[in-house]
Amino acid sequence: MYVADSRASARASADGAVRPEAGRRRAAIAPTVLALGTVSLVTDVSSEMVTAVLPLYLVTGLGLSPLGFGLLDGVYNGFSALVRLAGGHLADRGGGRHKWVAGLGYGVSALCKPLLLVAHSLTPIGLVLAADRTGKGLRTAPRDALISLSSTPEGRGRAFGVHRAMDTAGALFGPLVAFLILRATVDGYDAVFTVSFCVAVFGVLVLVLFVPGGRRQGGDGGGGERPTLRAAVGLLRRRDLSRITVCALLLGLATVSDSFVYLLLQRRLGVPDRWFALLPLGTAAAFLLLAVPLGRLADRVGRWAVFLGGHAALLLAYALLLTSWHGTPLPYVVLALHGGFYAATDGVLMAAASEGVPATLRSSGLAVVQTGQALARFACSLLFGAAWTVWGDRAALAGAVVALAVCAAFSLTLRPKGTVPA
């Protein structure tokens, strides 16, 4: 059963959503959310071990140009867009297969980790990363649909915040584990990839053993359209969902990849290679501390305001990287703003997109938004890498600042109904 037990009497509203009675204690976080958070924590330790060392491994170890790295980074972060809709549709059409479609995605990603041991040029590395992102694409929408279906509408931002905080705890430990392995071993990169595979397998086991399966019962908008491909595409005719999708796509076009942000920081500050893997820790720490508070704030003051506030923090981080300031606080401020951006946007966007989408198409509806955003970030990685190669890093970042400011100003004029407090 995916609907959370509020541990207090509740009444059903006219639209079928479960709402707690006035004056009663706020509903507890559903066990499904906590189990999925544990899976994400373990899996993120594995994936962030690789992500932390990959930029340095490709640019320094294999000698890729910024354009070549931009292509691979775009594949790594955007290829999943091609299969997210398929993953969402498979989960919805199965009438309760969210767990198993997500499990397939986690398994595919785990199997890709040891393949990095034998890939040493652009083409095979690109294929391995594409397969890894295929797994991510399959699992993301079903996982987020499970979180949404397990939570009441009033506490959805908080539920996503708790999950993202647990997920980010893994992102915090992953780079630290990679750093320790690089310092303790001779063949550091190979050791990182091997340990990453073992951790990923453990995450799949946690999913299989502890995340509830079974079919959806009751519900948050439980009635609605049959889960067909036509119905999934037809979701874009819903005004609020189409606005959210358009804004996510436009803002994604101006969101520079994390790896480029860390490379820019390294160049600005002259960070030694052996310390590079620790830079993502700053982002992860800020994300971990802010995910739950900002999720609760979004439930109270409106998700659109928090979502756009996150992009304002990102814009400030980019602007600081463009200044001539080289003070000691620079990396801490930039990484804190970077983590705050993710805390204010990642789960909040999914909570906003869940409103107005029937439970029978919840996975497909979230996949539509995620696909637009992933495709946009794929394009941004290619464009930013090309601009860096041709004009240099500062000119490329200046272009990203202008683009983000314009897209944020446009998004400010849109206010989907489901993103403001009732």
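Modeller: Let's take confidence, then the charged pairs, then the surface and the record.

Colleague: What is the mean pLDDT of the protein?

Modeller: This is a predicted model. The mean pLDDT is 83, and 86% of the residues reach 70 or more.

Colleague: Where is the pLDDT below 50?

Modeller: Residues 1-25 are one such stretch, and in the model that stretch has 49 contacts beyond near neighbours in sequence. Residues 214-219 are also below 50, with 17 contacts counted in that way.

Colleague: OK, charges. How many salt bridges does a search of the whole structure find?

Modeller: Eight. One of them joins the side chains of Asp-299 and Arg-303, at 2.7 Å from N to O.

Colleague: Are Asp-299 and Arg-303 buried or exposed?

Modeller: Asp-299 has a relative accessible area of 18%, so it counts as buried, the limit being under 20%. Arg-303 is buried too, at 6%.

Colleague: How far apart are the closest N and O atoms of Arg-143 and Asp-144?

Modeller: They are 3.1 Å apart, and the two residues form a salt bridge. Arg-143 is buried, with 7% relative accessible area, and Asp-144 is buried at 1%.

Colleague: Where does Arg-143 lie, and what is it in contact with?

Modeller: Arg-143 lies in helix 5, which covers residues 122-149. Leaving aside neighbours within four places in sequence, Arg-143 is in contact with Leu-36, Ser-40, Tyr-106, His-163 and Arg-164. Arg-164 also belongs to the salt-bridge network with Arg-143.

Colleague: Which residue does the side chain of Arg-156 meet in a salt bridge?

Modeller: Glu-355, with 3.3 Å from N to O. Arg-156 is in helix 6 (residues 156-184), while Glu-355 is in the loop between helix 13 (330-354) and helix 14 (362-391), so this pair ties together parts that are 199 residues apart in sequence.

Colleague: And are those two buried or partly exposed?

Modeller: One of each. Arg-156 is buried at 1% relative accessibility, whereas Glu-355 is partly exposed at 24%.

Colleague: Changing topic: which residues form the nonpolar patch on the surface?

Modeller: Trp-100, Val-201, Phe-202, Leu-205, Val-208, Leu-209 and Phe-210. Together they have about 740 Å² of accessible area.

Colleague: Which helix gives the largest share of that patch?

Modeller: Helix 7, residues 188-210, with six residues of the patch.

Colleague: What does UniProt list as "transmembrane region"?

Modeller: The UniProt entry, which is unreviewed, lists residues 165-185, 191-211, 244-263, 275-292, 304-326, 332-353, 374-391 and 397-414.

Colleague: How much helix is there over residues 244-263 and 304-326 in the model?

Modeller: Residues 244-263 are 80% helix and 0% strand, and their end C-alpha atoms lie 31 Å apart. Residues 304-326 are 83% helix and 0% strand, with 34 Å between the end C-alpha atoms.

Colleague: Good, that covers my list.

Methods:
Residues are numbered from 1 along each chain as its sequence is written. Side-chain values use heavy atoms; hydrogens and water are left out. Patches are made of residues with over 30% relative accessible area and no salt bridge: like charges are joined within 9 Å, nonpolar side chains (Val, Leu, Ile, Met, Phe, Trp, Tyr) within 5 Å. Accessible areas come from the Shrake-Rupley method with a 1.4 Å probe; for residues, only the protein chains shown count as cover. A salt bridge is a side-chain nitrogen of Lys or Arg within 4 Å of a carboxyl oxygen of Asp or Glu. Helices (H or I, at least four residues) and strands (E, at least two) are DSSP runs, numbered from the N terminus. UniProt positions are given in the numbering used here, feature names are shortened, and annotations may be inferred rather than shown by experiment. Buried means under 20% relative accessible area, exposed over 50%, partly exposed in between (1.4 Å probe, protein chains only). Contact means heavy atoms within 4.5 Å. pLDDT is the predictor's confidence in each residue, from 0 to 100.
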